[in-house]
Structure formats: structure tokens, C-alpha cells
Amino acid sequence: MLKVTPDPATLRPEGYQPFPSAPDELLDAEGQVRPVWRRFLAHFLGLPPDEMARHCARGDQYLLDSGVFYRQYSAGQSVERPWPLSHIPVLIEEAEWQTIGEGLIQRANLLEAVMADLYGENRLVSEGHLPPELVAGNPEWLRPLVGVRPRSGHFLHLLAFEIGRGPDGDWWILADRAQAPSGVGFALENRVATTRVYSDIFAGQHVHRLAGFFRTFRDALQNLRHDGESRVAILTPGPLNETYYEHAYIASYLGFTLIQGEDLIVVDGEPMVRTVSGLRPLSVLWRRLDSAYADPLELNPDTRIGTPGLVSALRLGGLTMVNALGSGVLETRALMAFLPKIAPVLLGEKLKMPNIATWWCGGEAERDDVLDAPERMIISPALATGLPFEGAEGGELASNLSPEQLAERLNAAWVAQEAVTLSTTPVLVNGKLTPRPMTLRAFLARTPDGWQVMPGGFARVGAAPEPSAVAMQRGGSAADVWIVSDREVEAVTMVPPTTGPYRRVTPAVLPSRAADNLFWLGRYVERTEGIVRLLRAHNVRLAESGAAAAPLLEALDPLFETFDIDPSVGLPQGFLSTLTSAIGCAGQVRDRLSPDAWSALIDLDKTARRMASRVTVGDDAARALSALLRKLTGFSGLVHENMYRFNAWRFLEIGRRHERAMGMTAILATLADPEAPAGSLDLAVEAGDSVLSHRRRFTFSTTRDTVIDLLGLDQMNPRSIRYQLDGMSEQIARLPGAIANGELSDLSRAMLRCHTDLATRRPEDLDTKALWALRGDIAGLSSLLTEAYMR
Amino acid sequence: MLYDIRLVIRYTFGQPTGAGRQHLRLLPAWLPTQQHIVEETLGVTPAPSERREFLDFFGNRVIEIALAPGQKEVKFEVKAKVHRLVRTDWFDLSPPLVRLPAEIESQKSLGPHAPHHGRTASPRVPMSDAITAYARTAIAGAETVRQAVEALGLALHADMTFDSEATEVDTPPEQAFAGRGGVCQDFAQIMIAGLRGVGIPAGYVSGFLRTIPPPGKPRLEGADAMHAWVRAWCGAEAGWMEYDPTNACLVGLDHIVVAYGRDYGDIAPVAGVLRLGGSQTSKQAVDITALDDDTAD
């Protein structure tokens, strides 16, 4: 295909019209394309529109396939939304980023010093640099942490800054993110998706890679450990958190264990993870939950996601917390009014990069300033910690308030901030480049050699055209940030340079909660499959024989009752609930499932729900169920062919085998009972997906013995009870503590007894009573497993 | 005044407990010019698997314990001899109310006894328009901060009924105030909300009360369990003054201090959950005996 490459010097995106009041990232004041953008723009403008659309679709497909989402709360509901990628990256020159980085590093050092003072000697207050009420009345200043020195010597290890370019072209800090900065994972995902869009040119654009930053941060966290035995973990509030996806993603990217508060227990001042191998020490916790929720004993007593004793562990030096508990106080909006004056006090130098102009309304001179220019002032709560101009505490323009309302806000509880103008950056609107306001999130990680700035980040691009910060709150998109060098950049990967001989690392620990969820994921998925097969058999009979099938179908009723299924509905609620339970478990262990497996499960759920509204009983349902069965086996295949065969997989496998054994014993006890109506045996063979095997093994007709043999006792049939117990025995024997000092654990003992019992039976010994007894024994294994590994 | 203190708190559980961690704020405070500990023990049955002591932000002594799971009954027992000293600063050294804000501002400190901790809402004592309005009326006419504190305390004592059935440990002050009834914790937290509402820094004090009053004096309300009262910051010179709204009196020789905080949540006598499920009952028995009554005021 012929490609037209325009001359970079005369490039001009057609119809691209920046605002006169704000600088633009792409065009300079004279309307010339800035040098950093020229190479990129030449490529971009050389693409026919439909080809560009195809490229964009590649990026979107990547995000969709990886299951990237964020959770949005609106009107009391929380929904997962696809990640809104802007396909045009924001390009920044290496030299300019260097300057930005110097400003951010200085600010990171300032925040560390402020934090040390607020939780230490309180010089800032005693010397009058900070009003005491901003600290004492601040819910983020956590009294139990006062005087607790961080074990690592530092309070802060990862910071994010929301920055924007003001009208004069200089960068400003809009907000400091110190509590539990989010977004590093999204920055990474943006990068991967964006490189898919520009896969053919990315390598030639001299864009700095992100992997080096992550490698350094991962190594820095590893270095904070107290010894080689203890571990680093990421503490998440759980799947309902708006950025849970990111927690799971970053945990699997960096290879850290993802845990929740209930996975932890503090013993003698040392935090331990409850794992299937017992308590395992942990010494570094990268927390993604707000401080107050970390410990119900000393912080918010209502928290249900915390760990009692965590503050105590910090007090005793048993743990390094990234960042230290209480760091949320640094996000206090009113602090911005004081930081410019505090910098010379604590650092001995002035701020290199200014923050957004802020007036604390507790001061008289400040109040006059607000009254002088109300049209430029946004008034919001002084102790708010959210991003400026956003959310419930975003504030209002002073000139929009009535004189009474304004008077009520001119006190210590309020703060005024300049309603800044932001620079614009190009986004694609209807296939055309269009300027939109943007802010940029930059990340800094502490390393043994000081702060390191991520060479990139992510930009938030406003949906509304006007270049005001206020416009950001109306939603928009996220763009990758390219730091562009004049020279080739070094390609970095997460793999450290090899030194010494190859050493295989030991697999990570498996928290008990994760094991529990994997076990139940296995069970629910298998249960779903069992239900689908039974329902399909039911509906096929109904379609074939109509009312004549009634006596036979009644024989299935006890089985449907077991699973709370109403077979008179095409896709019954009980089936959808089981699927929901499976997804709930999968969501809890998302860091351990491949994106493909997760997508397959979500796809199955969506399809089932779509079908449920219109599928009718009989042939229609039978066909729908067949389609669902194929999707379900797709998920099982992805999981069982791809998962590393260690403890995590073992629990999933045990769950699956357990559920299938339970299902099959119930089917045989019901349908192979001598009292069951004619045709029941064939139904059992069909529900057991063994029609072909039965035909091949037993040329003669179906009898109770052939069915019991094939579905109960046959070691070769992957649907038989025996096959499930073989599999369970094998995996249970490999679980930690299966044999201790030569003695079998309670679980191993019960497993062996149950397994041997079945293995020594003949078809005629396995009557209905024996089947029900066997089912009871198998159920008991589940309780023993829970007792041994999930408490 | 020398007191012999005996406190027993006993928890009984319907189901055996899970592993638990508790913070106990049960031991009398060390207060150099006001209260001396002669001897003390805090017994925990069954024996905890961990036990350590630390001072919290407000300087209170905290005993941290960890209990193994599976308990059906847990008992905490305090035995102590405490010398309570007479306070001498009975003159009203507090400033007029209008001068209080400037005096607060002059306190450039975040130390445990700085007034700033008592100025705004705390987790269990949110600001309340209803209580603030009531407090404004109650203190009308008061010239000094101390007069205002006493006026509010007297008003609450007159308008509120001591009623152990009216509230629970988690009842918000505004709700207890609306019902005009409660126990010492409610009296204290309502008064704190009122004082903060009118700009007087206020905090929560837990402690003990002598069980048998001095001869010829009435028995004080709240002596059969741990007690609670209020402290109010009365300016740079007078500092904190303690007032007991349940009994409408300044805190003196009959009160023994255990802990200071912003509200009940900061200094709950037993913090931390033991229960897994099922029922829980607790019984508290306190006996505070005066060993020498000669210094009674």
C-alpha cells in the first residue's frame, strides 16, 4: 500500500484549533507543531482514517481481552466500566521531563520531612508554620501512629503527583497522592494498549520504557525485607474496591502475593500470612487500602477489612508499611497553602515546582484575597483529600455563592484554590484530532539511591472542550504518556541481568483465603456444569417426547431439588446464582487466573444472562444449554491447561473433582436405583456425558451393573466417581502437611479410607444405600479440607 | 485520700471465641501532682499468649493482650491502692469566654494535653446543632469559661435523667440528648459536644468513683461500675478542669482517673473483639474503699 509521508516541517493537523487562553501540547504559540510531536504526527497523518481506526481497535481489543476495568460508583450502585483509552499519547520531551522530575523529587523529599515532623517532634506547629487545628482536627492524622518511627527509616516509598501545565507553560502540582497512590498498574496497561495501536512505529519513536521503573521498585521493596525468609505482599481492600483490578494486575506483574486483611494475623508483633502451609512471615506490606481501615483495634473500629494488631506490629518494628500508616494527612488540601513556606524551613530551599495557589480561609489576609477575586477562587473543605475540583468535595466557584454562603465559608474549615487553566492535548473525536484539557499523573518510587521517577505515567483527558480544571470532573479518557528522547533508548525488561548460575525460585505462598476461593471456584464451576448437563437432558427429553416423558422427568426432581433448580424455567435462577458464586470466587483470586480464563468466565455469564430472558423450555433451552456447555468447557480448558501445577491449582482441582464426585453419586443413587422409572439408566449415562463410552464398552444393553461400573467404578472414565477420588487422593497427598512425622493427617486418613472403600467394591455392592453413604463420606472430606487449610 | 480499688470484668460467651487481641485501659493513671499509685495488679484469666504495655497518644497506660481462641469465659481483675491528692487551684483563673479563642491560638502544640484535640468533632462525638443550641442557652450569663462549664453541667444534670436502660454503649450523643436520659458516658459525651459547640475545648475522662460516700454525703451515681466525666480547657492559666455532669460536681477527691481521650472510643476500658458469633454477656463489679477519711473536703 502506498503511504504518503508528509514533510515534518510543514505538518499541520487539519482543523486542529487550540484555545487562545491555554497552551497546547501539540502546537506552540505560533501554531507550529512542537518538535517532540513531529515524527509521531507524520506517521499519524500518513495513515488513512480507516487504517487508524483498525489500529485503535487493536488497543481496545487488548484492554478488553485483558479484562482491564475500573469500578465506578454512581447512584448507590457500583459497576465495572471498560478502561477509556485515548488513542493519542501525550508526548513530552526528555529534557522537560527531567526538569519536572527534579521538581517532583524535591517535593517527595519535602513530603517525607513533613510526615516525619507531623508524626514526630511537631516543629511545624510549635514554630508556627502550620496551624495546629489543621492537624489536630484532621481525621487523617492518626494519633496511634504518633511517635512510631518507620522500621525502614522512611515513611514514604511510593508517591504520585497530579500535575498540569498552566497558562505560562510551566507545570504545577495539582495534588499530592501519598495515602496509597493508585495508577501505576493503569499506566502500565495504557502503555501496553497504546503500543498495540502503534506497534509498527513504536520502536522508532525513542520512547522511554517503563519496565525499568517497575524492576527498580520491585527490587527496592524486596530490599526492605528483614530477612530472606519473609515476604512482600500487596494488601488490597478486595474485589469491591474501585481499583482492585489494578491490585491484582500489579501483584501478578511484580510477582508479589496479593492478600486481604483477613489473610493476616499478628503474632508477637510479627505479621504472618495464613497460608495452606501454616503461618508464613511477612515483613513488607504495600498497602492499597486507606490507613484508617488497616487495624480495627487502634484505627477505625468499624473496619471489617483490617487486621487487629497491625499498628502494634509497626510500633514494635515488625513490619515496613508502604506507605507508612497515616500518610493520608499529606493529601490534606489546606496543606498546599503552607507547603511553599514550609519548604525553606525543612529543606532549606524554595519549591522548584509550584503547587496550585491555595488560600486557607482561617487567615484574615487570605480571606481578603478570596473576596478580591471570587471569580478565580474555588472554595472547598480545608481537610478534603480528594483531587481538586472533583467529587463531592470538589468545591464551588466563590463568585457562584451568595454573599451569605460565602461568608459561612470564610473560616478555618475552608480553603480557596485558584481555578486554574490547563493545557490541551490532542484526542481523536470522530476521527479528527481535537484539543482537550489534560492533567498528568507522575509516579515516584524510593530506591536505595533515592527517588526514581517513572519515565511516563498516565494522562487524564477531559471530555469537555474548555481548558479549565473544572471540566475534568465530567469524565473523559486516559492516555499514555511518552517521554521522548532524541536518541535510541535502552530496552529494559523485568528480568534482572543474570549473575551466577541459574536458580529456580520457590513458588509463592498460597494464602488460606485464596485456597478457599480456588476450591470453591472449582466446585461452583463444576456444579454449574453438572446443572447444565442435567437441564439439557431434561429439556431434550421434553422436546422429544413431550408429556410422555413426564414419569421419567419426575425421577430427576430430587436432583434438581439438591441444587435448588426449577426445571420448568428455560434457564432457572438457581443456575444463574451458581454461576454468580463462581464469578465471586474467581474475582477474589483474579491475580491467579489468566486474563483469558477470566474473560471466558465473564463471557459465559453475560451469555447466560442474555439467554435467560428469552429461552423457553424444550428444544430452545436444550440448544442454549449446549452453547453454554461449550463456553463452560472453554473456561475449564483454559484453567486446566494453563495453570502452574502447584498448590493454587491443586485446590481448584480438588474442588472440581470433589463436586463431580458428589454430583455423580447423587445421579447414580437417584437414577440407578432399582425403583427408578424405565429410561433412567440412559438418562444417567447422558448426564454423565458417557454415552459414547458406554456404547463402546458395553455392546449389550444398558443395565444397572454396566452403568454403575462405567460411572462409579471405572478408573479410565474421567466422569466416574472412582476417577474423581483417584485425582483427589493424588492431590491431597501433595498438600502441605499431608503426612507429618510419618503419620497421616486427618484429611489424608479419611481420603484413604473413602478411596479404598470405593476401589474394593463391585457393581453389585454399590447399591443406593452405599452410594448415599459414600456421598456423605465425600462431603466430610470438604469439611476436613476446610479445617486443615482454610481456617 | 488513700483508696483500695477492686474491679472485676467478666465476659461469658455462648460460643468459644476466636483468636483475639485486646487493649485494656483499666489501670489508674499516674498523675504527678494529683494521683499516686501505691500498688497495682491487673490479672487476666485465662493467661494471655501475649502481654505488653505501652503509653498511647494521650499518655494513658494500655495493656495489650492476645488470647488464644476457644475461650468461654474471660476475666479481667484490677487490684490497686491509689493515693488521690487534693487539688489546690480552686480559684477561677479562667478568662472571659471572648478571650478563649486567642488563648487557644497561643497554644502552639500538638502534645497530648494541647487544647486543639478537644476543639472539633471526634469519631463518637459529632457536632450537633441541637446540643450546641442547648449549650448556648445554658451558658448565657456566664462570664468566665469555668462558669460556663459549670452552668452547662448543672443544666444537663437538671434536664437529664440517669437511666441505665435508655442507651447502649454506641448510642450517639445527639440521640441520648433527644431522650434526655442515659448513663455517665452519655452525660459526658453530650456535655463534650455542647462545650465544643460553644468553642470550649473538651475531652473525655474515664475512672472510678468511691463506692461509700463520706459520712453525711449522698452516694454518688455511677459508683457501681467504671465512671466517666468531662475535662474542659479553661484557658492558658487554668488549663484543664474536670467536671462530672452525672453528679453535677467538680472532680475532686472522690474521683480516680484512669484515662484521658477525645471521647469514649479513644479510651474504651476493653477494646477489641473477642466474639466470633453467638451471645456475649459481661458483668462488671467495682469496689472503691476509702482507707483514710481524714482528708475529706
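Biologist: What radius of gyration does chain A have, and what would a compact globule with 791 residues have? After that, please describe how helix α23 of chain A and helix α24 of chain A come together.

Modeller: This is a predicted model. A compact globule with 791 residues would have a radius of gyration near 28 Å, and chain A has 31 Å, which agrees. The C-alpha trace of chain A spans about 95 × 70 × 65 Å along its principal axes. The secondary structure of chain A consists of 25 helices and 22 strands, and 49% of the 791 residues count as buried. Of the contacts in chain A between residues at least 6 apart in sequence, 72% join residues at least 24 apart.

Now the helix pair. Two packed helices are described by the angle between their axes and the distance between the axes. Helix α23 of chain A covers residues 721-733 and helix α24 of chain A covers residues 746-759; their axes come within 10 Å and cross at roughly 155°. Because angles over 145 degrees count as roughly antiparallel, α23(A) is roughly antiparallel to α24(A). The crossing of α23(A) past α24(A) is left-handed. On the α23(A) side, the contact is made by A:I721, A:R722, A:L725, A:M728, A:S729, A:I732 and A:A733. On the α24(A) side, A:L747, A:S748, A:M751, A:C754, A:H755, A:L758 and A:A759 take part. Sorted by class, the contact between α23(A) and α24(A) has 10 nonpolar, three polar and one charged residues.

Key: Residues numbered from 1 in each chain as written. Chains lettered and ligands numbered in written order. Predicted model: local features only at pLDDT ≥ 70, side-chain atom pairs only at ≥ 80, totals over all residues. Helix = DSSP H or I, 4+ residues; strand = E, 2+ residues; numbered from the N terminus. Rg over C-alpha atoms; globule rule 2.2 N^0.38 Å. Buried ≥ 20, exposed ≤ 12 C-beta atoms within 10 Å, placed from the backbone. Contact = placed C-beta atoms within 7 Å. Axes fitted to C-alpha atoms, helices over the stretch in contact; angles between N-to-C directions. Parallel < 35°, antiparallel > 145°, perpendicular 65-115°, else oblique. Left-handed = near helix turned anticlockwise from the far one by under 90°. Nonpolar A, V, L, I, M, F, W, Y, C, P; charged D, E, K, R; others polar.
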